[in-house]
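Trainee: Could you walk me through how to read a model like this one, feature by feature?

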Amino acid sequence: MSAELQDSTLLRYQSLIDGVWCDARSGLTFEVRNPASGEVLAQVPDMGAVDARTAVEAAAVAFKDWRRRSARERMLILRRWYQEIVDNADDLALLLTLEQGKPLAEARAEVLSGANFVDWFAAEAMRVMGDILPPADNSRREWATRHPVGVVAAITPWNFPSSMVTRKVAPALAAGCTVVLKPAEDTPLSALALATLAERAGVPAGVFNVVTAAHGAEVGGELTSNPQVRKLSFTGSTAVGKLLMAQCAATVKKVSLELGGNAPFLVFEDADLDEAVRGAIAIKFYNTGQTCICANRIMVHERVYDAFLERLARAVGTLALGEGTREGVTQGPLINPAAFEKVSALVDDAVSSGATVVTGGGGDAGLGGTFYQLTVLGDVTPAMKVFNTEIFGPVAPVYRFSDEEEVIRLANETPYGLAAYAYTRDLGRIFRLNEQLEYGMVGVNTPRFVSETVPFGGVKESGIGREGSVYGIDEFLEIRYLCLAGL
Ligand code: ADP
């Protein structure tokens, strides 16, 4: 496979600790497979607590120097990392598609949008400022200053193997922190390639360490209990996020959590229906439905329900499921057999409870493996599991509603609060939705609103903290207060 890369050194079989590419202390490895074909792409180190501890130690030592570098120096290094990523985008995209399954064009878009976070936070490194405070009396002077928190543990998921890494590592490094990253076991190759490029860009030894592991628990246990780690930045499931937050409590670490979602997609009677269908397709089937901001429940006003459903099914027919490396493919496979089983069970449950299959409804017999047909379900009710569970698959459950108040109440009846979408032209309603929907992000008349310039994050059990934007770097800084008296 490395033969297909322009730069074969981007395919790494080792982890990076303290500037040294290394195996697990135990000598154990695990396989990384292509989800579209089952082909083994690489064997990488299955590291454990001892390796994680070594990485934390290295990051703690490196922090002493990295935090003292000038902001300008960190900015220039991050800019070089950005350029390396852009220059190697084709190789990074190929690695991403091979290990994750998404179409090459989408993989390339992820690599480049992830690179934009590096560029953004390179600039933000230069804007970490403090305040001069109004003193209690004139014999004092008081300041609030912002400092890097210290060693950061970053744990990332498999659905965006490249951009989830840059979203965490770039602001951490910009702030002056050092990082130990544990990428998802399904997709460690993108993270290792990004670390290779960071090294090339001049990120010093120990500043950015990558520890691969077949199961998160052991490395995660060390990262969350080690007192030298001062911050956890995690993206993944709500269950694991809660566990890690609890584990972090013992040493009172700062935490940022990007967890699950159950995004409502509301189509009102005054919506531009074609736009709403385009939006639903874009945000429901993006990454084969495997994102935390994917539309999970499509709720359509009864006056436009039939027309919407028919147009949605027709639009789904224009999509192409297949191996991500093949021309024309728009949706890839599900990440692994467990994901396939989960999606199948949700659809079977909905159908047995009265939902109608408008299109799809099962595994793709022709492609086999973990390919699940792009599916639209009608007559879905709030009692069905598919309405209340994060589907993480290419299934669009459509529910018919009759008034605004009812649909807002239903949209909020979930422990999640990440992204919500609405299609309407009524300005008053748009303001009511923004105030009443309990979500960290609301997209009106658009399915795509994520970039490095905006604050990404959830409320309720969808998480804590924000990634990207001018607020993102604060997650890696703490405010200290200095009082100078006796003047
Ligand atoms: P998903 O269901 O999307 O795979 P997970 O929350 O299981 O989400 O995984 C997200 C990341 O969390 C992955 O890197 C995974 O290895 C890691 N992880 C899973 N369980 C644990 C754990 N107990 N401790 C630390 N990390 C974990």
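Trainee: Where do the numbering and the confidence limits come from?
Mentor: Residues are numbered from 1 along each chain as its sequence is written. This is a predicted model, where local features need pLDDT of at least 70, side-chain atom pairs count only at pLDDT 80 or more, and totals for chains, interfaces and linings use all residues.

Trainee: What is the mean pLDDT of the protein chain?
Mentor: First the general idea: pLDDT is the predictor's confidence in each residue, from 0 to 100. Where pLDDT is low, the predicted coordinates should not be read in detail. Here the mean for the protein chain is 97, and 99% of its residues reach 70 or more. The model also scores ipTM 0.99 and pTM 0.97.

Trainee: How many helices and strands does the protein chain have?
Mentor: Helices (H or I, at least four residues) and strands (E, at least two) are DSSP runs, numbered from the N terminus. The protein chain has 14 helices and 20 strands. UniProt, in an unreviewed entry, lists residues 21-480 as "domain: Aldehyde dehydrogenase"; its positions are given in the numbering used here, feature names are shortened, and annotations may be inferred rather than shown by experiment. Over residues 21-480 the chain is 39% helix and 20% strand, with end C-alpha atoms 36 Å apart.

Trainee: What does the radius of gyration of the protein chain agree with?
Mentor: The radius is taken over C-alpha atoms, and the globule rule is 2.2 Å times the number of residues to the power 0.38. A compact globule of 487 residues would have a radius near 23 Å, and the protein chain agrees with its 23 Å. Its C-alpha atoms fill a box of roughly 70 × 65 × 40 Å along the principal axes.

Trainee: Which residues come nearest to the ligand?
Mentor: A residue is near a molecule if its C-beta atom, placed from the backbone, lies within 6 Å of it. Of the 14 residues around the ligand, Gly216, Gly220, Gly236, Ser237 and Val240 come nearest. Helices α7 (216-225) and α8 (238-249) each supply at least two residues of this shell.

Trainee: Is Glu258 buried or exposed?
Mentor: A residue is buried if 20 or more other C-beta atoms lie within 10 Å of its own, exposed if 12 or fewer, and partly exposed in between, with C-beta atoms placed from the backbone. Glu258 counts as buried because it has 28 C-beta neighbours inside 10 Å. It lies in strand β11 (residues 254-258), and the unreviewed UniProt entry lists Glu258 as "active site". Across the protein chain, 53% of the 487 residues count as buried.

Trainee: Which residues is Glu258 in contact with?
Mentor: Two residues are in contact if their C-beta atoms, placed from the backbone, lie within 7 Å. Leaving aside neighbours within four places in sequence, Glu258 contacts Thr235, Cys292, Gly457, Gly463 and Glu467. For the protein chain, among contacts between residues at least 6 apart in sequence, 72% join residues at least 24 apart.

Trainee: Which value does phi take in Phe392?
Mentor: Phi of Phe392 is positive, about 55 degrees, although this residue is not a glycine. Phe392 is in the loop between α12 (385-388) and β16 (395-401), and with 24 C-beta neighbours inside 10 Å it counts as buried. Asp18, in the loop between β1 and β2 (20-22), has a positive phi near 55 degrees. With 17 C-beta neighbours inside 10 Å, Asp18 counts as partly exposed.
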